[in-house]
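Subject: Structure handover

Hello,

I am passing a structure on to you, with notes on what was found in it. Please look at the sequence and the structure first, then read on.

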Amino acid sequence: MRYIIIGAGAIGGSVGGRLAEAGHEVVLVARGTHREVLRERGLTLTTPDGTRTHRLPVVENPAELGELHPDDVLVLAVKTQDAEAALDAWSARPVAGGGTAAETLPLICAQNGVESERMALRRFRRVYGMCVWLPSTYVEPGAVSAAGAPYTGMLHLGRYPAGTDDTARRIAADLESGRLLAPVVADVMRWKYGKLLGNLANAVEALTGPLTGEEALDLVRRARAEGEAVLAAGIEAVGEQEQKDTRADRIRLEPLDGSPRGGGSSWQSLSRGTGTIEADYLNGEIALLGRLHGVPTPVNETLQRLANEFARERREAGAMGVGELVALVDKAS
């Protein structure tokens, strides 16, 4: 199998680097300065067992690869707000032997939230969900770090909307050869909804900084309580304890010399000034479900709105005081 990592940022770069280290063929897809550095100097991956540089093929768009291979696996690792454009770009690419990528190739959605799988299934016949637990950081163009040890992360994998198959098991075996735990599960979206509840804290961290004070943690609890209320309308989600028990002591986070662990994915988006953030598919997913099921979600609606404002205005991550944020949430409530 050849793995085409569409979005070689913190997650994509970590997965692609680990697969390459295990001897698997990997192609990285990236844009801008990150792409230029990857081409010129390679991918620098720092983990607790050291820093390595991988010289891998790098493209910006599918046309640069030409005809795809029948054993290619597409790994969609862009943020959900960029998924539609990526799916459009890759779905129509021809595959050697006949057909298009959308008709013949497996596509894995390795993203936060639960929307990309639905987007993908409109175009691709073979869609797989991946619940990503892989603490990683985009350090600078060409360089990513991941602090997990002895495994870099845990990636629950399964068919979308449900089920497993031999392809999922083959992919999982390749991932595990690269120090990535990859349980194959028939209910992958149950895991992704559980992760979604945890990701509701992302906006609070992005807006106010590290979640250390009781006031910030209480706000996170309020956002999660809204999420649990809307999922109670009939959507199953893995609980916090089951997630912890599954990881148990199999993965620990270790300090990385010279590569400090940044905040979560939303914090990193603001820190890099990308102009976009994934709040519409995290807090916004809860707001959507609340409207569908008649459940009020003022905390998540406010977090979604403010996170988007920060991203559009390219405001600094952590620039809002926790007290100010709480006051705005209380006003909306």
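The notes below cover the sheets, the helix packing, the cavities and a few backbone points.

This is a predicted model, in which local features need pLDDT of at least 70 and side-chain atom pairs count only at pLDDT 80 or more, while totals for chains, interfaces and linings use all residues. Residues are numbered from 1 along each chain as its sequence is written, and side-chain values use heavy atoms, with hydrogens and water left out.

Sheets

Helices (H or I, at least four residues) and strands (E, at least two) are DSSP runs, numbered from the N terminus. Two strands pair if DSSP finds at least two bridges between them.

Ile-4 has Leu-74 in β6 as its bridge partner.

Another open sheet has 4 strands, ordered β4-β3-β10-β9, and its pairing is also mixed. Here the edge strands are β4 (50–54) and β9 (136–140), each of which pairs on one side only. From one strand to the next, the twist averages 20 degrees. Strand β3 (residues 43–47) pairs with β4 in the antiparallel sense over 5 bridges, and Leu-45 has Arg-52 in β4 as its bridge partner.

Helices on the sheets and on each other

Axes are lines fitted to C-alpha atoms, for helices over the stretch in contact, and angles run from 0 to 180 degrees between N-to-C directions. Angles under 35 degrees count as roughly parallel, over 145 as roughly antiparallel, 65 to 115 as roughly perpendicular and the rest as oblique. Contact means heavy atoms within 4.5 Å.

Helix α1 (residues 10–21) lies across β3, β4, β9 and β10 (143–146), and runs at about 90 degrees to β3.

On the α7 side the residues are Arg-190, Trp-191, Gly-194 and Lys-195, and they meet Glu-242, Gln-243 and Thr-246 in α10. The contact of α7 with α10 has 1 nonpolar, 3 polar and 3 charged residues. In these classes, Ala, Val, Leu, Ile, Met, Phe, Trp, Tyr, Cys and Pro count as nonpolar, Asp, Glu, Lys and Arg as charged, and the others, Gly among them, as polar.

The axes of α9 (residues 214–231) and α13 (residues 298–312) come within 8 Å and cross at roughly 115 degrees. Helices α9 and α13 are therefore roughly perpendicular to each other. From α9, Leu-219, Arg-222, Ala-223, Glu-226 and Gly-227 make the contact, and from α13, Pro-298, Val-299, Asn-300 and Leu-303. By class, the contact of α9 with α13 has 5 nonpolar, 2 polar and 2 charged residues.

Cavities

A cavity is a set of points on a 1 Å grid over the protein atoms alone where a 1.4 Å probe fits but cannot get out, and its lining residues have an atom within 4 Å of a point. Grid points are joined across faces, edges and corners, and a volume is the space filled by probe spheres set on the points.

The structure holds 2 cavities of 30 Å³ or more. The largest cavity has a volume of about 80 Å³. Its lining is Cys-131, Trp-133, Met-154, His-156, Trp-191, Lys-195, Gln-243 and Arg-247. Two or more of the lining residues come from each of β8 (126–133), β12 (153–159), α7 (188–199) and α10 (240–247). This lining divides into 4 nonpolar, 2 polar and 2 charged residues.

The second largest cavity has about 30 Å³ of space. Val-15, Val-75, Ile-108, Met-130, Ile-171 and Leu-175 line the second largest cavity, giving 6 nonpolar, no polar and no charged residues.

Backbone points

A cis peptide bond joins Ala-149 and Pro-150, with omega about -5 degrees; Pro-150 lies in strand β11 (residues 148–150). The peptide bond from Tyr-160 to Pro-161 is cis as well, with omega near 10 degrees, and Pro-161 lies in the loop between β12 and α6 (166–177). Ala-248 is not a glycine but has a positive phi of about 45 degrees; Ala-248 lies in the loop between α10 and β14 (251–253).

Regards

Definitions and conventions:
On a 1 Å grid over the protein atoms alone, a cavity is a set of points where a 1.4 Å probe fits but cannot get out, and a pocket is an open set with protein on both sides within 12 Å along at least five of seven lines; lining residues have an atom within 4 Å of a point.
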